[in-house]
Amino acid sequence: MVARFPVSLRWSGGLLRASSSRRRGVSAMARGGEEAQLGGFLEYMDMLRNYERSGVPRGAGTDSDDGFDLGRMRRLLRRLGDPHTHYPSVHIAGTKGKGSTAAFLSNIMREQGYRVGCYSSPHLLTIRERISVGQHGGPVSAASLRDLFDLAKESIDESIESENGSLTHFEVFTALSFLLFSRENVDVAIVEAGLGGARDATNVIRNSELAAAVITTVGKEHLAALGGSLQSIAVAKSGIIKEGRPVVIGGPFSTDIEQIIRDRAFLTQSPVISACDTGIRSITRGIGRDYAKPYQSCDIFVKISGDMPLYVELHDVKLQLLGDHQRQNAVTACCTALCLRELGWNVSDASIRAGLEKTQLPGRSQFLTQDEASVLGLDGASAILIDGAHTEASAKALSDVIKTVEPEGPVALIVGMASDKEHLAFAAQLLSGRRPDVVLLTETGIAGGTARSMPASSLRDIWTGAALGQGIECAGIGANPGDEAPTVNIDHLAPAAGTGKPAPMLIGCGAAPFSRDLIKAASRLLRRADGGGGAARGGLICVTGSMHMVAAVLQQLEQ
């Protein structure tokens, strides 16, 4: 029998007591002035080991001698009063989809009136984005984060000294998020794992505080850190499943991967709810537009019987997050919300609908508005799509979004990636969809550094090889990554009239690091590729390959 929630997990005392005078609101947008208040905190955090910047060591996410030491995270939290034990949590792991699923679920619970703490990573413009708290979904305020750090700094200093300096950036920030959630008396925390699951710093949540675990997908990312195979990745992610607590699995999974997760659930006597159950149906009825921004209209029907019967029927749900993969993430979040309802939480069908419809995330199939395009110096003729896809699976999902939302007109891709990704598989997926007319490769910083950036010239060689492998003729432009954004006379590259043969795909390196000049160059090249079709058919420009590429675009807008 699964214990029912909510349960009383409140505790007041020491670092964990928050008076009303200390509570501060959250900001819906990152404001430049606020960041100045974080100067000392950001300098302190920059001194800690940051694996997002340097890359994760081999085997670090596995439940083995090579794995991260959860003991030091538990010791740090003990000094802070074990804040993570004072509220129920939903713990979400997965190769892809965990951030979107966390956002969907957080908004569902907020719509119901709960005070929600949400912890996710990475961030785009400010580290404050990783924490949201209360009934609003914006980043935690700089003042709240600064005050929290001032309060906890002595305990953190003591932990760093006792651990011989081995505490990491992610561990310290995760502990601060747990502390803030406790001080703000959240009703529930939605916690996204950083890497894997079993040895992730977030995996200190015990079964007594775990409302439900969620595993969205299992894919080939961070292979070396997670054991080298899909099977070892599945084992690592299933480490968040706890004794007697339900687990929601997203999928779809291959049979062997799903069996690994179900075997772990069997050992822990945890009920399994599958978002791919035969009793679940979801379809996208079409693409609509609201103030020129696209949304997908979906029907979602859930009817699961068994130990945890779940039911909801939703028609014409307008999802701002696009693509079949986001519809599946919405179904996973829906199943999790229904699971919580079965455990005793008050979650209405109306809150589920409203939460799903209000969810939007920067950098996930995000189309810029005309005003935003004009800030980048464009005339609005080309649609601008920014998406943080960086794996083979997310490249396929992005390709599907492009085919669905922009089925006609020329397409340009601007791509920058980290060095530890599957570059060839990523390129092959995007080339196998709507064939791009222009591909420009560039570079961008990764977590504030360049050590993990893939050279643009190397990406160009990989994309050229992938194109030739699919029989796509290429014409090289802008060969030097240090050059200005490429400009070239391409009249001679047009196909001869009446041949029926497509023009070669233009491929080259743009300016490094990435700047908006590269988007302008792509716009000029698209107009030429479209035969000078003018504003009516400006085509689509997609910036992708990394969330850091997305951040670079958003930073240009902020400036």
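The following dialogue explains how to read several features of a predicted model.

Colleague: How many helices and strands are there in the chain?

Modeller: The predicted model has 17 helices and 17 strands in its chain. Of the 559 residues, 58% are buried. Among contacts with a separation of 6 or more, 78% join residues 24 or more positions apart.

Colleague: What describes two packed helices?

Modeller: Two packed helices are described by the angle between their axes and by the distance between those axes. In this structure, consider helix H4 (residues 70-79) and helix H6 (residues 142-162). Their axes are 9 Å apart, and the packing angle is about 150°.

Colleague: Why are H4 and H6 called roughly antiparallel to each other?

Modeller: An angle over 145 degrees counts as roughly antiparallel, and H4 and H6 pack at about 150°. H4 and H6 are therefore roughly antiparallel to each other. Their crossing is right-handed.

Colleague: Which residues meet where H4 packs on H6?

Modeller: From H4 come Arg75, Leu76 and Arg79, and they meet Ser155, Ile156, Glu158, Ser159 and Ser162 of H6. Sorted by class, this contact of H4 with H6 holds 2 nonpolar, 3 polar and 3 charged residues.

Colleague: At what angle do the axes of helix H5 and helix H11 cross?

Modeller: The axes of H5 (residues 98-111) and H11 (residues 349-358) cross at roughly 130° and come within 7 Å. H5 and H11 are therefore oblique to each other, and their crossing is right-handed. On the H5 side the contact is made by Phe104, Asn107, Ile108 and Glu111; on the H11 side it is made by Ser351, Ile352, Ala354, Gly355, Leu356 and Lys358. The residues of this contact divide into 5 nonpolar, 3 polar and 2 charged.

Colleague: How many bridges join strand S6 to S7?

Modeller: Strand S6 (residues 247-249) is joined to S7 by 3 bridges, and the two strands run parallel. One can follow such a pairing residue by residue: valine 247 has valine 272 of S7 as its bridge partner.

Colleague: Which strands are at the edge of the open sheet of 3 strands?

Modeller: That sheet has the order S8-S9-S10 and antiparallel pairing. Its edge strands are S8 (280-290) and S10 (310-319), each of which pairs on one side only. Strand S9 (residues 293-304) pairs with S10 over 8 bridges in the antiparallel sense, and phenylalanine 301 stands opposite glutamate 313 in S10. H11, already seen in contact with H5, lies across S9 and S10 and runs at about 35° to S10.

Colleague: Which residues form the covered face of strand S15, and which the uncovered one?

Modeller: A strand may have one face covered and another uncovered. In S15 (residues 474-477), Ala475 and Ile477 form the covered face, whereas Cys474 and Gly476 form the uncovered one. S15 runs parallel to strand S16 (residues 505-509), with 4 bridges between them; cysteine 474 stands opposite methionine 505 in S16.

Colleague: Which residues of helix H8 are buried, and what covers them?

Modeller: In H8 (residues 230-237), the buried residues are Ser232, Ile233, Ala234, Ala236 and Lys237. Their cover includes strand S1 (89-93), strand S5 (210-215) and helix H9 (255-267).

Colleague: Finally, a loop residue. Is proline 407 buried or exposed?

Modeller: A residue counts as exposed when its relative accessible area is over 50%. Proline 407 has 53% relative accessibility and therefore counts as exposed. It lies in the loop between helix H13 (392-405) and strand S13 (411-415). Leaving aside residues up to four places away in sequence, proline 407 touches Ile402 and Arg434. The C-alpha atoms of proline 407 and leucine 540 are separated by 9.9 Å, although these residues are 133 residues apart along the chain.

Technical notes:
Residues numbered from 1 in each chain as written. Predicted model: local features only at pLDDT ≥ 70, side-chain atom pairs only at ≥ 80, totals over all residues. Heavy atoms only, no water. Axes fitted to C-alpha atoms, helices over the stretch in contact; angles between N-to-C directions. Parallel < 35°, antiparallel > 145°, perpendicular 65-115°, else oblique. Left-handed = near helix turned anticlockwise from the far one by under 90°. Contact = heavy atoms within 4.5 Å. Nonpolar A, V, L, I, M, F, W, Y, C, P; charged D, E, K, R; others polar. Buried < 20%, exposed > 50% of the residue type's maximum accessible area, 1.4 Å probe, protein only. Pairing = 2+ DSSP bridges.
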